[in-house]
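Here is a friendly walk through one protein model, written for someone who likes to know what the cut-offs are. Please have a look at the fold before reading on.

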Amino acid sequence: MYTTLIQTAELAASMADTRWAILDCRFELAQPDWGERAYASAHIAHAQYAHLDRDLAGAVTPTSGRHPLPQRARWAATLGRWGIDHNVQVVAYDQGSGAYAARLWWLMRWVGHTRVAVLDGGYAAWLAASLPVSAAAESRAATTFIA
């Protein structure tokens, strides 16, 4: 079980395991659609896309700030839609800084899921290691996540 960081070689060795879910969290605050476009162009094989505004944050209100926490029930439903339950090892990555992947990591821990790690070096490290990428839209069978 990985609970903090995972290296590219470790992910590459386990990525075909159906008990693992990979989430692409690439995002740019100044270009909110950039990460989704980047994902559509190429991403780590088997990864699903997690959008900061739509998936990793709640509704913005006049008093909430830019990216408030999602409601727990809504976040649990999102995890279930991604096919994640408490038996799934989750790996999050972003373009390399780790900030967006770390947000997903924190949100997972917030609802009691400890099998979550951030890919050390993110997508940039994956590419530098010449590991496989895909442009195929990915999904997993939906399940129920209980926060």
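**The model and its overall fold**

This is a predicted model, in which local features need pLDDT of at least 70 and side-chain atom pairs count only at pLDDT 80 or more, while totals for chains, interfaces and linings use all residues. Residues are numbered from 1 along each chain as its sequence is written, and side-chain values use heavy atoms, with hydrogens and water left out.

The protein chain holds five helices and seven strands; these are DSSP runs numbered from the N terminus, with helices being H or I of at least four residues and strands E of at least two. Read from the N terminus, the order is β-α-β-α-β-β-α-β-α-β-α-β. A compact globule of 147 residues would have a radius of gyration near 15 Å, and the 14 Å of the protein chain agrees with that. Here the radius is taken over C-alpha atoms, and the globule rule is 2.2 Å times the number of residues to the power 0.38. Along the principal axes, the C-alpha atoms fill a box of roughly 45 × 35 × 25 Å. Of the 147 residues, 44% count as buried, meaning under 20% relative accessible area, against over 50% for exposed and partly exposed in between (1.4 Å probe, protein chains only).

**Strand β5**

Five of the five residues of β5 (residues 89-93) are buried, so this strand is largely enclosed by the rest of the structure. In a regular strand, side chains alternate between the two faces of the sheet. In β5, Q89, V91 and Y93 point one way and V90 and A92 the other.

| Partner of β5 | Sense | Bridges |
|---|---|---|
| β2 (residues 20-24) | parallel | five |
| β6 (residues 116-119) | parallel | three |

On the β6 side, V91 stands opposite A117. From β5 the chain crosses through helix α4 (residues 99-110) to β6 in a right-handed β-α-β crossover, that is, with the strands pointing away from the viewer, the path from the first strand over the helix to the second runs clockwise.

In α2 (residues 34-41), G35, A38 and Y39 are buried. Seen down the helix axis, the buried residues fall within an arc of 100°, so they line one face of α2; the arc is that of the directions from the axis to the C-beta atoms. Their cover includes β2, β3 (43-44) and β4.

Y49 lies in β4 (residues 47-49) and is buried at a relative accessible area of 10%. Beyond four places in sequence, Y49 touches D24, R26, F27, G35, E36, Y39, D55 and W82, where contact means heavy atoms within 4.5 Å. The side chain of Y49 reaches the backbone oxygen of R26 at 2.6 Å, and a polar atom of that side chain lies 3.3 Å from the backbone nitrogen of E36.

**Asp55**

D55 sits in the loop between β4 and α3 (72-81) and counts as buried at 9% relative accessibility. Besides Y49, its contacts beyond four places in sequence include R74, W75, T78 and W82.

Conventions: Polar contact = N/O pair within 3.5 Å; in protein donor to acceptor, adjacent residues only side chain to side chain. Pairing = 2+ DSSP bridges.
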